[in-house]
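Trainee: Could you take me through the reading of a model, feature by feature?

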Amino acid sequence: MSDSQITIRTAVKDDFDFVSQDGYLSEANLRRKINGGDVFVALRKGEQLGYLRLDYLWSKLPYIELIRVLAPHRRSGVGRALLSYVEQEVAARGHRVLYSSSQADEAAPQAWHRHMDFEECGFLSGVNAGGVGEVFFRKRLEAAR
């Protein structure tokens, strides 16, 4: 997929260092996700701009575990391109809803979710450092063509 010369593709093993920079997953878990086709990378002219990791709640509901766009490339369509690609991928896998979340004290990520047509669908108290809660979002998807 391309949007303003942004290309999205499934991550490969050579992307490991780039998609591990947030430090949230162990090496083994991240390699498993890459091998399973659940990590996606955004590029422009070969330069890595950002990535998205997909997970599954209860092993069946697609959930954006993390979306990260490098600071110099934010607000340039990279997040939208990653999301659009993953929506199509998830729909092709037979799902009609995509879930995501944001910490309760992160106004900008919550606004991004709403701007991307996610709707708030729940809250989990005290799951993050300092007792901060998590706001959950869902987006209904069109059937794959």
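The dialogue below goes from the overall fold to a single residue.

Mentor: This is a predicted model, in which local features need pLDDT of at least 70 and side-chain atom pairs count only at pLDDT 80 or more, while totals for chains, interfaces and linings use all residues. Residues are numbered from 1 along each chain as its sequence is written, and side-chain values use heavy atoms, with hydrogens and water left out.

Trainee: How many helices and strands does the chain have?

Mentor: Helices (H or I, at least four residues) and strands (E, at least two) are DSSP runs, numbered from the N terminus. The chain has four helices and eight strands, which follow one another in the pattern β-β-α-α-β-β-β-α-β-α-β-β.

Trainee: What radius of gyration would a compact globule with 145 residues have?

Mentor: The rule, taken over C-alpha atoms, is 2.2 Å times the number of residues to the power 0.38. For 145 residues that puts a compact globule near 15 Å, and the chain, at 15 Å, agrees. Its C-alpha trace spans about 40 × 35 × 30 Å along the principal axes.

Trainee: Where does Gly 77 lie?

Mentor: Gly 77 belongs to the loop between β5 (61–69) and α3 (78–92). From Gly 77 to Ala 108 the separation is 31 residues in sequence and 15 Å in space, C-alpha to C-alpha.
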